[in-house]
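Reader: Hi! Could you walk me through this structure?
Author: Happy to, here it is.
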Amino acid sequence: MAYKEYDVFVIGTGTAGKNVAKACAKAGQKVAIADNREYGGTCANRGCDPKKVLVGLAEVIDRSHKMLGKGITEMPKVSWEDIQEFKKKFVDKVPAATEEDLKELEIEMYHQSPKFIDENTLSVEGKTIKAKKIVIATGNKPLELNLPGSEHLLVSDDFLSLKKLPESMIFIGAGYIGMEFAHIAARMGVKVTMIDMESRPLNNFEEAVVNPLVEVSKDLGIEFITDASVNEIEKLRKNFRVSAKKGSETLEVKAELVFNTAGRVPSIDQLDLKKGNVSFTKKGISVNKFLQNPSNKNVFACGDVSDSEGLPLTPLSSQESKVVFSHLTEENIKEEATYPPQPSVVFTLPQIASVGLTEEQAREKGYDVIIEEKTDLNWFNAKRINERHYGYKTIVDKKTDLILGAHIISPEAGEMINLFVMAICGELTRYDLKKMIFAYPTWGNDIKGMI
């Protein structure tokens with residue numbers, strides 16, 4: 001049987017996959033890449049970038065509402081259709097631009113999900129492929145909910161491409177994706193209900209910053225149904241009816257659209273990994289410190305799909321791709337994957353952001369800690385824009401005065417948390433940070449009052 005041969009075959013065209021492919025091609029290797037969706041990956045096409053564009057409109061609405069009667073005389077008129085057209089300027093050219101970049105480096109492209117035939121052989125687009133090294137960078141995809149009526153569920157892709165907004169929505173899952181979309185929709189006048197199996201939204205974040213966010217969300221009209229598991233989704237004439245079990249009680253909620261925001265899982269089900277002797281877990285492709293698969297040494301994985309210490313974040317995908325291509329090219333330095341403190345941000349309004357340890361994690365590790373926790377801060381930056389919900393929780397090691405963790409709720413929490421990342425990575429004590437001179441009045445300057 002005739003087959004094509006490559007030095008490196010990359011599966012996935014997001015940040016991690018395309019970085020590896022480009023680096024290997026520039027090193028003179030024969031490279032191919034495949035994707036079963038539009039080239040460019042989740043973040044640029046249907047994730048963080050288009051979402052942040054929509055958040056931008058919500059920020060205008062939120063800021064105008066807070067300043068109504070304080071310089072703003074009437075609320076601005078908004079158009080969902082117009083913001084969707086604006087969003088297209090950021091996403092529509094991504095697939096073609098990505099393919100053009102790859103073509104210039106003579107990287108061969110396939111538009112299908114490959115399947116393993118054996119450890120070094122793949123089948124894609126009806127062709128048999130032999131590759132010395134195979135890199136899996138397929139990312140994550142929405143978790144499928146196996147329940148009656150699940151065919152009626154929409155996912156994040158659908159929300160981001162809605163041509164018009166309905167009067168009502170239900171989100172099954174109150175994690176960061178659900179909460180971000182809920183805040184966008186609610187500020188556009190949509191009646192939003194959130195259903196979650198946990199006792200509160202965003203259960204992996206500190207309650208100190210989540211509780212005020214829940215209060216804001218309720219003020220927006222968002223209804224929360226917690227400690228509840230969905231049993232069924234039924235199609236009615238106009239709406240969908242979602243049935244959920246909460247304790248011994250069965251609840252029913254109706255809305256025009258229902259979204260599955262219950263989480264994301266590794267996108268590996270189409271790869272036939274067992275045939276390639278590629279080990280994997282529920283978190284993704286198994287990897288060692290070199291991001292190499294332990295059962296098939298010719299396979300590497302990077303980005304969201306790897307079962308590594310990295311969070312499913314674009315900056316981590318970039319870091320992991322560098323580790324992988326250091327092992328595939330002729331460079332003398334063979335890198336190991338390292339994971340400094342990784343910040344997480346929820347782009348609600350206000351935002352919440354976190355880096356480092358929670359209080360519970362710090363105490364589990366045996367630290368004797370100093371906890372600073374304040375909410376509803378009446379500081380200048382919040383007062384000048386009439387922001388009521390501003391707070392933080394910081395964790396400091398009493399023995400060394402090093403900052404172990406920071407958790408913030410603020411309109412600019414995503415920017416502020418980066419300063420804490422620098423402080424933790426740079427092993428700055430709280431006194432080192434307090435001695436620094438920051439510009440005033442800025443949100444960044446406020447962090448000195450949080451430790």
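Author: Let's begin with a charged pair: E38 and R37 form a salt bridge, with their closest N and O atoms 3.7 Å apart. A salt bridge here is a side-chain nitrogen of Lys or Arg within 4 Å of a carboxyl oxygen of Asp or Glu. This is a predicted model, where local features need pLDDT of at least 70 and side-chain atom pairs count only at pLDDT 80 or more, while totals for chains, interfaces and linings use all residues. Residues are numbered from 1 along each chain as its sequence is written, and side-chain values use heavy atoms, leaving out hydrogens and water.
Reader: Why does E38 count as partly exposed?
Author: Because its relative accessibility is 31%; buried means under 20% relative accessible area, exposed over 50%, and partly exposed in between (1.4 Å probe, protein chains only).
Reader: And what is the relative accessible area of R37?
Author: R37 has 37%, so R37 is partly exposed.
Reader: How many salt bridges are found in the whole structure?
Author: The search finds 26. One of them joins K283 and D307, at 3.5 Å from N to O.
Reader: Is K283 buried or exposed?
Author: K283 is exposed, at 53% relative accessible area.
Reader: Nice. Which residues are linked in a network?
Author: Salt bridges link E206, E359, R363, E373 and K393.
Reader: New topic: what about K87, which has no salt bridge?
Author: K87 is buried, and the nearest side chain of opposite charge (Lys and Arg count as positive, Asp and Glu as negative; His and the chain ends are not counted) is D92, 6.8 Å away.
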